[in-house]
Amino acid sequence: MGLSRLAKALTTAVWLGLCAPLVSVALTVTPAFAGQASLIADHVQVVGNGALVARGNVVVLYEDVRLTASRVSYDKATDSLTIEGPITITRSEGSVLIADAARLSADLKNGILKSARLVLDQQLQIAAAQINRVEDRYTQMSRVVASSCQVCPSSPVPLWQIRADRVIHDEKERQLYFHGAQLRIADIPVFYLPRLRLPDPTLKRATGFLPPKIRTTSTLGTGLLTPFFWKLGDHADLTLSPFLAAKTSTLELRYRQAFRAGDITFTGAVSDDAILPGETRFYLFGEGEFALPRDYTLSFELQEVSDPGYLLDYGYSDQDRLRNAVSVMRARRDEFVFAGITRYDTLREAEIPISDQLPFAQIDAFYERRLFPTWVAGEFRAQLSWQAHFRESDADILGRDVARLGAGLSWHRDWVSASGIVVEADAGVDANIYWIEQDSRFATEQSFATPSAGITLRWPMSRVTGTGAVDVIEPIAHLAWSEQVGAEIPNEDSVFVEFDESNLFDLSRFPGKDRRENGARAAVGLSWTRHAPSGWAFTLAAGRVFRRVDLGQFTDASGLSGTASDWLLGAQVNLGGRFALQGRALVNDDLNITKSETRAAYLTDRLEMGAAHIWVIEDTAEDRPDPTHELRLDGAYQISDFWRVSADGIFDLEANQATRAGLGLQYRNECLLVDLSLSRRFTSSINVTPTTDFGLQVELTGFGGGRGARAHKCGG
């Protein structure tokens, strides 16, 4: 109907003398009413009783369709178009039809195209002897060859192709239905399927099989993983992945669902294997988050496993503790509310025999409010908190259960003096009541309060050098005092203390509530930052804490023991986004390193490298009888446009052995993905043994969401 009205409008214009029967200039006609077509051509001619012929660079625009051709003839009697090629029909969703000749209805919704080719999402190409358009939804193709591989004159055979007697493309459901399909690799028939359904490249979620993966491990043997994706409507899906190997029969699963107010995800597996014959092994992890009324957020986490070695045996996870939790939280500009219940289960070999002596359940509640009263300058923060944890053991001391109720009020203010010195003042008081059960060393009810005060002076100074670089130097001095007044209680949440740049000038460096830093102390620090016009930058920082009296609150490994702490040294370097280095170290007066952590990364268009190194001295107070000395390396190199190699490793330098190593090789072009991986875990325990894992995945890209990489270039 659109081109019918277009023909009438154009015929009227011609017969009014706007132009002669044969027009030799470009002509554009766009009717004023919606839903009509626009025609652009070098020559337009009216023939007979209202017939229309357009020639030379013809362009027809109708709704979301754009048609280009060398010649278009409109027959008013049949309300149809006869088109001569080369013909290109482009639709807004990304599909392109290319043909030599066509006969279509005036609205371009039905018709026949000869010697045609369909291109979907600039990936999948389907060549056919004939293409029929039906009801503006179906594209029927006969004698078909489909592939997403680049075809060059020097090598006209694609790497892979699907040949079929007939193919139907359902544009609404975005599905391809092959009849009499034959998969060919390098033009060699591989297998035949009488019926085959595949999603077109624009469809990201469709029920069906995902690319299989061959996996070989020294523990489980060689097997095939065949994932099946099941679309459960627009907001939920389930992926079932059977894994059948020499020593196991496993079913993996993943379930996802999105709700109006949140979403949930569950992953898991169930196995019958030769590692633990006669036992059903499984794991189930889940998480979710939901928006509640009045800005509250509900979140949960689920982690269950049948035995301590299952996750490592199958490579599902390296974690050594399980966490099950549910919490409610609200964060506003001047208010924070949190309440949650958590359960912990250990998978560590050394902790399993004493698991009943470890806290397994914990309850937390926290409320904080910021206040800005008009009668005094600065910011006040009021806090209320509740925390309790429990052990399964009934033994004295080893089965201790603790509950704490706390309240706190703090004040903070900062201002800038006339000389540019930034002054920060802090003061506050915390009070806590404890209830202690199953520990004869402490009374059942205990309490203490901790007043504290501190002042910090910062003097940032900057300059611009002759080369345009900007230097910022900032000396900092901090004076503080606090005193824990009241009973001594067991230390449950502040055993491990991290001394770093973030707490160098804090009133207390303990991470929890069971301990407060006592006495008078001072902290000094200096930082220097430079930004160069060429893009590189660095920051160097150093600091130290001094105390009037050593109260023995900190361990040697923390770097805070004694009347003077270790020197805290930190550095950050960034060279134009290519190289980045970040590190910190604790160094004592004898220049011995107590603790150090360094991370480095190097990135180019083809090369990615990363490294991390950690060193911590032994300290029995932190339950570490031996030093920790570990190196992690990972990298990847893009050998060419299509080949990529990667490697990673974890090395225990103290034990002089590798912990884990991996190697990967990937080939990816416009139509094929081959992923080869090899990894080895060297550690062993009662629950797990060293394992070698080999994986191979081959995917024909161009269907569904699988998009290929750069295509091969054809030679001249």
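Among contacts in the chain between residues at least 6 apart in sequence, what percentage join residues at least 24 apart? The figure is 44%. The model is predicted.

## The chain as a whole

The secondary structure comes to two helices and 44 strands. The chain has a radius of gyration of 36 Å, whereas the globule rule gives 27 Å for 716 residues, so the chain is more spread out than a compact globule. Along the principal axes, its C-alpha atoms fill a box of roughly 110 × 75 × 55 Å.

Of the 716 residues, 38% count as buried. The accessible surface of the chain is about 37400 Å², and carbon and sulfur atoms account for 58% of that surface.

## Nonpolar cores

The largest nonpolar core is made of 51 residues. Within this core, L67, I83, L113 and F178 have the most contacts. Leaving out residues up to four places away in sequence, L67 touches V58, V59, V60, V72, I83, T88, I89, L104 and L108. Another core, of 13 residues, lies apart from the largest one, and its members include Y283, Y314, L322 and L347.

## The disulfide

The structure holds one disulfide. Which residues does the disulfide join? The bond runs from C149 to C671, with an S to S distance of 2.0 Å. The two cysteines are 522 residues apart. C149 is in the loop between β11 (138-147) and β12 (160-170), and C671 is in the loop between β42 (657-668) and β43 (672-681). The torsion about the S-S bond is about 90 degrees, so the disulfide is right-handed.

Are these cysteines buried or exposed? C149 counts as buried because its relative accessibility is 4%, and C671 counts as buried because its relative accessibility is 0%; the cut-off for buried is under 20%.

## Salt bridges

Side chains of opposite charge can pair when their charged atoms come close. The structure holds 47 salt bridges.

| Residue | Partner | N to O distance |
|---|---|---|
| R323 | E301 | 2.6 Å |
| D439 | R400 | 2.7 Å |
| E597 | R599 | 3.2 Å |

R323 and E301 form a salt bridge. This pair links distant parts of the chain, with R323 in strand β24 (residues 321-332) and E301 in strand β23 (residues 297-305), 22 residues apart. R323 is partly exposed at a relative accessible area of 33%, and E301 is also partly exposed, at 25%.

D439 pairs with R400. D439 lies in the loop between β29 (422-437) and β30 (445-458), and R400 in the loop between β27 (379-390) and β28 (401-416), so this pair ties together parts that are 39 residues apart in sequence. D439 is buried, with 5% relative accessibility, and R400 is buried, with 10%.

The side chains of E597 and R599 also meet in a salt bridge. E597 is partly exposed at 25% relative accessibility.

## Backbone details and a buried serine

Most residues other than glycine have a negative phi, and most peptide bonds are trans. The peptide bond between G85 and P86 is cis, with omega about 10 degrees. P86 is in strand β7 (residues 80-91).

D295 is partly exposed, with a relative accessibility of 49%. L591 is in the loop between β37 (579-587) and β38 (593-603), and at 69% relative accessibility L591 counts as exposed.

S565 is also in a loop, the one between β35 (536-547) and β36 (567-575). Why does S565 count as buried? S565 counts as buried because its relative accessible area is 1%, and the cut-off is under 20%. Leaving aside neighbours within four places in sequence, S565 is in contact with F499, R544, V545, G559 and L560.

Key. Residues numbered from 1 in each chain as written. Predicted model: local features only at pLDDT ≥ 70, side-chain atom pairs only at ≥ 80, totals over all residues. Heavy atoms only, no water. Salt bridge = Lys/Arg side-chain N within 4 Å of Asp/Glu carboxyl O. Helix = DSSP H or I, 4+ residues; strand = E, 2+ residues; numbered from the N terminus. Buried < 20%, exposed > 50% of the residue type's maximum accessible area, 1.4 Å probe, protein only. Contact = heavy atoms within 4.5 Å. Core = buried A, V, L, I, M, F, W, Y, C linked by side-chain atoms within 4.5 Å. Rg over C-alpha atoms; globule rule 2.2 N^0.38 Å. Areas by Shrake-Rupley, 256 points an atom, 1.4 Å probe, with all protein chains shown as cover. Disulfide = S-S within 2.5 Å.
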